[in-house]
Amino acid sequence: MANNEIAKKPVTKMDKFKDLINGKMKEQVAAILPKHLTAERLCKVLIVEASRTPALMECTTISVAESVMLSAQLGLEPGGTLGHIYFIPFNDRKSGTKVCTPIIGYKGYLELARRSGQVARLDARVVYEGEKFSVTAGLHPDIEHSVRGDVDRSDDKILASYAVAVLKDGSCYFEVLWKVDIDRVRSRSKAGRSGPWVDDYSKMARKSAIRALFNGGTVPMSFELASAVASDQDDPHAKLPPIDITPYADDTPKEDTNGMSDLGAALA
């Protein structure tokens with residue numbers, strides 16, 4: 001058989017996903033990334049995440065782009081390796097599509113607080129049944145937690161989570177979420193039934209306490225930290241920063257006749 005008659009290797013969904021990430025998105029990502037994270041690294045990690053979670057390749061192009069841009073703006077690496085920010089495929093019943101949903105992990109908030117230069121120490125923990133735990137409010141607020149290693153540390157034994165911030169001036173602030181509060185946060189989250197809420201409930205309980213602490217307004221926040229709190233899709237009222245969707249206009253079908261997402265249609 002002549003060389004020009006050799007059948008070409010079929011283009012896979014992953015091939016097209018790589019073209020999307022390394023092509024249209026890479027230039028936009030490179031323009032806003034902080035120095036510690038390169039566009040090459042971010043794109044490579046995202047492709048690895050898609051191989052681990054193929055449903056990401058079925059998400060709408062715009063939702064993937066929004067998630068990637070948020071990750072780039074915050075300088076947080078997506079995926080479970082660092083636990084900074086997770087990209088969760090979410091079935092949007094209204095549109096009949098899959099939507100890439102960015103959920104910031106508790107380690108992501110710790111990283112942003114460290115970078116802010118205003119927080120000397122930030123800690124978040126969960127309290128299990130059998131551990132001494134007391135909270136004092138009023139004029140002299142305080143919190144006391146005696147950690148024990150001999151108790152059952154299963155998720156269903158969690159009583160509360162809390163976050164404590166010590167500022168550079170020595171002032172301290174804390175926030176406590178009881179189990180009912182944690183589960184209320186989870187019930188409102190788009191990814192409450194998938195991703196880290198299922199695999200790492202205790203970590204998401206810590207993250208919820210951290211976010212509540214910063215939402216309280218007593219702890220000063222950097223622009224990146226404030227953006228994370230305002231954009232975290234664990235909150236149904238959070239809004240993602242607007243992005244220029246012009247580069248992805250060609251990936252949005254004029255009419256959806258098969259109930260497929262725009263990226264899903266492009267990758268079919």
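Modeller: A contact means heavy atoms within 4.5 Å. By that rule, residues 24 or more positions apart account for 65% of the contacts in the protein with a separation of 6 or more. This is a predicted model, in which local features need pLDDT of at least 70 and side-chain atom pairs count only at pLDDT 80 or more, while totals for chains, interfaces and linings use all residues. Residues are numbered from 1 along each chain as its sequence is written, and side-chain values use heavy atoms, with hydrogens and water left out.

Biologist: How many helices and strands does the secondary structure hold, and what percentage of the residues is buried?

Modeller: Helices (H or I, at least four residues) and strands (E, at least two) are DSSP runs, numbered from the N terminus. The protein has nine helices and seven strands. Buried means under 20% relative accessible area, exposed over 50% and partly exposed in between, with a 1.4 Å probe and protein chains only. Of the 268 residues, 44% are buried.

Biologist: Which residues of helix α4 are buried, and what covers them?

Modeller: In α4, residues 106-116, the buried residues are Tyr106, Gly108, Tyr109, Glu111, Leu112, Ala113 and Ser116. Their cover includes α3 (61-74), β2 (97-104), β3 (119-128), α7 and α8. Gly117 follows α4 and has a positive phi, near 80°.

Biologist: Is Ser231 buried or exposed, and which residues does Ser231 touch?

Modeller: Ser231, in helix α8 (residues 223-231), has a relative accessible area of 3% and is therefore buried. Not counting residues up to four places away in sequence, Ser231 touches Leu70, Ala238, Lys239, Leu240 and Pro241. Ser231 and Pro241 are 10 residues apart in sequence, and their C-alpha atoms are 7.1 Å apart in space. The Ser231 side chain also reaches the backbone oxygen of Lys239 at 3.4 Å. A polar contact is a pair of N or O atoms within 3.5 Å; within protein, one must be able to donate a hydrogen and the other to accept it, and residues adjacent in sequence count only if both atoms are side-chain atoms.

Biologist: How many aromatic pairs are found, and which residues do ring pairs link into a cluster?

Modeller: Rings of Phe, Tyr and Trp (its six-membered ring) pair if their centres lie within 6.5 Å; planes under 30 degrees apart count as stacked, over 60 as edge-to-face and the rest as tilted. Three aromatic pairs are found. One of them, Phe133 with Tyr162, is stacked, at 5.6 Å centre to centre and 25° between the planes. Phe133 lies in strand β4 (residues 132-136) and Tyr162 in strand β6 (residues 158-167), so this pair ties together parts 29 residues apart in sequence. Phe133 and Tyr162 are both buried. Ring pairs join Phe133, Tyr162 and Trp178 into a cluster.

Biologist: Which residues line the largest cavity, and what volume has the largest pocket?

Modeller: On a 1 Å grid over the protein atoms alone, a cavity is a set of points where a 1.4 Å probe fits but cannot get out, and a pocket is an open set with protein on both sides within 12 Å along at least five of seven lines; lining residues have an atom within 4 Å of a point. Grid points are joined across faces, edges and corners, and a volume is the space filled by probe spheres set on the points. One cavity of 30 Å³ or more is found. The largest cavity holds about 40 Å³ and is lined by Gly83, Tyr86, Gly105, Tyr106, Lys107, Pro196, Lys203 and Met204. The elements giving two or more residues to that lining are α4 and α7. The largest pocket has a volume of about 740 Å³. Its lining has 28 residues, of which Ile88, Pro89, Lys190, Ala191 and Ser194 lie nearest the centre. β1 gives the most to this lining, with seven residues.
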